[in-house]
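Have a look at the sequence and the model first, then read on.

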Amino acid sequence: MRNTVAIKAILLAALPGTMLLLAACHRNPPAPEMSAGATEDASDAVVPAPSVDASAATDAGIAAGLDMEALTERRDPERLLRYYTNAIRVGDWVDAARAWSLDAQMTPEKLKGEFGGQAGPKIAIGKGDVEGAAGSLYYEAPVVIDFADGRPSRRGTFVLRRVNDVPGASEEQLNWRIERTSTFTQ
């Protein structure tokens, strides 16, 4: 009982809005480089969570510590990425799928198949850039995904999109959402 309470406390302290860039070890590729204007404070990077069984973490209600307001974020795309990586880390596939645009057709089952397992992945996301195009804003950030269970590491990018405050846009379109990701095995 005492260990369960300690694990919950550690995870809840690590989850809400905090992320710390992962340092690469000698066997893995380096984490994405941060842009010249980037800072290394805790709000800009990814925090590795302690290893726990993802289904047990979700069943224990640990996922309730997610920053659910990130789903209505319109200014900071990194907040949505922090929400997404924290949901993945605790195995909350349903809430992780909510970070994706409806057009992406991401499902909890697809996420569980990609990220599920005995040990959750360590996800490092670097600073990205925002660009505008045809009434939309896009945010592209580099990502490195490492698996503790022996699966090969992946490297690539996340692309987020939101409609740029145009009349008639729905609430869903005005909020940042993951549109696509491109990762390849190392």
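One term before the points: helices (H or I, at least four residues) and strands (E, at least two) are DSSP runs, numbered from the N terminus. By that numbering, Gln105 sits in the loop between α4 and α5. Keep in mind that this is a predicted model.

1. Start with the overall layout. You will find six helices and five strands in the protein. Reading from the N terminus, the order is α-α-α-α-α-β-β-β-β-α-β.

2. Next, some totals. The protein has 186 residues, and 42% of them count as buried. Its accessible surface is about 9800 Å², with 53% of that belonging to carbon and sulfur atoms. If you take the contacts between residues at least 6 apart in sequence, 60% of them join residues at least 24 apart.

3. Now for the inside. The largest nonpolar core holds 28 residues, and Tyr84, Leu111 and Ile178 have the most contacts within it. Two or more residues each come from α3 (77-90), α4 (93-97), α5 (108-115), β1 (122-125), β3 (136-146) and β4 (154-163). The largest share is that of α3, which supplies six residues.

4. Leaving aside residues up to four places away in sequence, what does Leu111 touch? The list is Tyr84, Ile88, Trp93, Ala96, Ala97, Trp100, Met106 and Gly116. One of these, Tyr84, is also among the residues with the most contacts inside the core.

5. Two backbone angles deserve a look. Gln105, in that loop between α4 and α5, has a phi near 55°, which is a positive value in a residue other than glycine. Asp165 is another case: its phi is near 45°, again positive in a non-glycine residue. You can find Asp165 in the loop between β4 and α6 (171-174).

6. Is Gln105 buried or exposed? Gln105 has a relative accessible area of 57%, so it counts as exposed, the cut-off for that being over 50%.

7. Gly150 counts as exposed because its relative accessibility is 65%, and exposed means over 50%. Check its distance to Ala119 too: Gly150 and Ala119 are 31 residues apart in sequence, and their C-alpha atoms lie 9.8 Å apart in space.

Technical notes
Residues are numbered from 1 along each chain as its sequence is written. This is a predicted model: local features need pLDDT of at least 70, side-chain atom pairs count only at pLDDT 80 or more; totals for chains, interfaces and linings use all residues. Side-chain values use heavy atoms; hydrogens and water are left out. A nonpolar core is a set of buried Ala, Val, Leu, Ile, Met, Phe, Trp, Tyr and Cys residues joined through side-chain atoms within 4.5 Å. Buried means under 20% relative accessible area, exposed over 50%, partly exposed in between (1.4 Å probe, protein chains only). Contact means heavy atoms within 4.5 Å. Accessible areas come from the Shrake-Rupley method with a 1.4 Å probe; for residues, only the protein chains shown count as cover.
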